[in-house]
Amino acid sequence: MRGRAGGKRVNRGEHQPLLDPLTSILNHKKMNPDSVSAKLLEALPAAVLVLRGGLMVYANPAAHLLLEVEMSGEYPQGLVGQPIVEFIHPLDQSHSVNRIRRSASSKTANVPVEVRLQTRRNRVRVVLVTSVSVDLEGEPGVLVTAMEVRRDSTTGERMRRSEEHFRRLFENMQDVYYRTDALGVVQLVGPGVRRVLGFEPHEIVGRTAEEYYPNHADRDAFKDAIRKFGEVADFPGQMVRKDGRIIDISISSSALFDEDGAFAGVEGIYRDVTERKELERELRRLASIDSLTNILNRRAFIERAREELGTHYEPGIEQTLLLLDIDYFKSINDQYGHATGDQVLTRFARAVGEQIWSTDLFGRLGGEEFAILVKHTNPEQVRDLVDRVLDAVRTIRLEADGRPSRAVTVSIGAARRTSIDHRVEHLLDRADRALYQAKHGGRDRVFWERTA
Ligand SMILES: Nc1nc2c(ncn2[C@@H]2O[C@H](COP(=O)(O)OP(=O)(O)OP(=O)(O)O)[C@@H](O)[C@H]2O)c(=O)[nH]1
C-alpha cells in the first residue's frame, strides 16, 4: 500500500489514515469497532451519510438520531438502503438533489447550506449540510455531513407554526401540487390528486406525466408553452382519472432550472375545471341556439356558414344556400293566434330538420325566415332535398274550432356557391333575390338563382 506522504511505506498498525474504517464499510469489509476513527464516527454529533445512486450505504448513529430512524422493526438496516430524497423537505428537494448530483462530480466539498429535512416521524429539522464526492470501489459516491442548526426558541416556534401552516395548506389544497424532473417524471404530487384523479400520491410518483393525458397534443402544447415562456397560467387540458373518466383541467406551472441554468423540470398546480367547462359549453350552446325552435340562431348560423365558406371551397363539390320563408305567416298569426304561430315555427323546424343531413347547417334567421347551408352534395341531391322539404312542410296542418283547416307552405330561394363566393353575405343576397322570385311566382315552391 502506498502512503500519502511521498510514496513512503506506512506501517499499518501505527499510522492508519483517519477514515480507513469508513472506507472499509463502504467496501463491504468489517471495520475495527475499536479504531479511533470508528469511535469518531460513532461519537460525532454531526450526521455522516454516504450515498450511492441516491441511496444511503452508510449512516452513523447521529444520522439515525437526526432522522429519527431506529435500526429495528421495519428498518433492521436503519437508514442503509433508504433513498435520501425521502428525508428532504418537499420544498428543498429540487435544489438539494441538484447539489448532491453536482458534488458527485466535484473534488472539493461544497459550501455548507441550510436545508430542511423531514424525519421518519414527520418532524421538520433545519440542518447545515455539506457534501463531497467519494470513491466507492471505483463507483462514484457522495459523503454528506449534516448538523442541526440551533435556533432560539422564538424562531423555532415560528418555524414550527409556519411548517404546520404549510402542511395544512398542502394537505387540504383543492388543487394538485406537482413537480416533475427534466424528463417529465413526477417527483412529488400533493394529496389533492386523490380527489382530482382518484390515485394515491405514491401511485403517481415515478411515472411520467404523459401517462395521464388522453390527448398527446395537449401535453405537447403545454410543454411548448413552458419551453417558450418559462411559465403558463390557467393552461387548458384534459386528464384521465383512475376510473377512466376524462376530466378538464387547468394548469399553472413554471419551469425549474438548476444552479447552472439547465432545465430541471416543472413545478405547479393543476385543478379540475370539468364543471366550469361544462357550464361554459352549455352557455355557448345556449348562446347559439334559438330558444323557440332549438336550432341555430341567426348569429351562430352566419358565423358557422362563414367558417364553412371560408375554409372548405373545393371545385366540383356543391355548396348551396337555401333561404326558406313560411308563406302568409302573418295571416296564420291573425287567424289562429300568436301561440299557434309559435307552434307552427316549432313544427316547421322539426319537419325540415328531419329532411336535412346532419352535416348541413340549419338556422332561424328571424321571424318566419330560416336558412340551410347544404354542404358537399351534387345538384340532384339538393333538388331532392328541396322537394322533400316542400312536401314535409305541406303536411303541417292547422286546425281550429270553427276555422277552416289549412296547410302550411314555404317558399325557398336557392343559391349555389361559386368560386368567387367567399362571403356568406353574397350568398345570402343571391338567395334572397331567388326567394323574392319564389314568392312572386306563387309561393310553395323553390326558385334557383341563376348564376352567371
Ligand atoms: N307567432 C310568431 N310570429 C312571428 C314571430 N316572428 C315574426 N312573426 C310574425 O311573422 C309575420 C311575418 O309576416 P310577413 O313578413 O308580412 O310575411 P308573410 O305574412 O309570411 O307573407 P309572405 O312572406 O309574403 O308569404 C309577422 O306578422 C310577424 O309578426 C314569432 O316568433 N312568432
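# Strands, cores and a ligand shell in a predicted model

Ile372 lies in strand β13, which spans residues 369-377; here helices (H or I, at least four residues) and strands (E, at least two) are DSSP runs, numbered from the N terminus. This is a predicted model, in which local features need pLDDT of at least 70 and side-chain atom pairs count only at pLDDT 80 or more, while totals for chains, interfaces and linings use all residues. Residues are numbered from 1 along each chain as its sequence is written.

**Around Ile372 and Leu361**

- Ile372 is buried, with 29 other C-beta atoms within 10 Å.
- Two residues are in contact if their C-beta atoms, placed from the backbone, lie within 7 Å, and Ile372 touches Leu322, Ile356, Asp360, Leu361 and Phe362 when residues up to four places away in sequence are not counted.
- Ile372 and Asp360 are twelve residues apart in sequence, and their C-alpha atoms are 6.9 Å apart in space.
- Leu361 is found in strand β12 (residues 361-366) and counts as buried, with 21 C-beta neighbours inside 10 Å.
- Leaving aside neighbours within four places in sequence, the contacts of Leu361 include Leu296, Phe301 and Arg304 as well as Ile372; Arg304 is 57 residues away along the chain, yet the two C-alpha atoms are separated by 7.8 Å.

**Partners of strand β13**

- Strands of a sheet pair through backbone hydrogen bonds, either parallel or antiparallel, and two strands are said to pair if DSSP finds at least two bridges between them.
- Strand β13 runs antiparallel to β11, to which seven bridges join it, and Leu321 stands opposite Leu373 in β13.
- Strand β12 also pairs with β13 in the antiparallel sense, over five bridges, with Gly366 opposite Glu369 in β13.
- β12 and β13 form a hairpin with two residues between them, and Gly367 in the turn has a positive phi of about 50°.

**The shell around the ligand**

- Which residues are the closest to the ligand? They are Asp327, Phe329, Lys330, Gly341 and Gly367, from a shell of 16 residues, where a residue counts as near if its C-beta atom, placed from the backbone, lies within 6 Å.
- The elements that give two or more residues to this shell are β11 (318-326), α11 (329-336) and α12 (338-353).
- By class, the shell has four nonpolar, five polar and seven charged residues; Ala, Val, Leu, Ile, Met, Phe, Trp, Tyr, Cys and Pro count as nonpolar, Asp, Glu, Lys and Arg as charged, and the others, Gly among them, as polar.

**Nonpolar cores**

- A nonpolar core is a set of buried Ala, Val, Leu, Ile, Met, Phe, Trp, Tyr and Cys residues joined through C-beta atoms within 7 Å; the largest has 40 residues, and those with the most contacts inside it are Leu322, Ala371, Ile412, Ala414 and Ala431.
- Helix α14 (residues 424-440) gives this core its largest share, six residues.
- A second, separate core has 29 residues, among them Leu41, Ala59, Leu79 and Val142.

**Strand β1 and its neighbours**

- Five of the six residues of strand β1 (residues 47-52) are buried, so β1 is largely enclosed by the rest of the structure.
- Strand β5 (residues 139-148) runs antiparallel to β1 and is joined to it by five bridges, and in β5 the bridge partner of Val50 is Leu143.
- Strand β2 (residues 55-59) pairs with β1 in the antiparallel sense over four bridges, and in β2 the bridge partner of Val50 is Tyr58.

**A five-stranded sheet**

- Five strands form an open sheet in the order β7-β6-β10-β9-β8, with antiparallel pairing.
- β7 (186-189) and β8 (231-240) stand at the edges, each with a single partner strand, so one side of each is left without a neighbour in the sheet.

Terms used. Buried ≥ 20, exposed ≤ 12 C-beta atoms within 10 Å, placed from the backbone.
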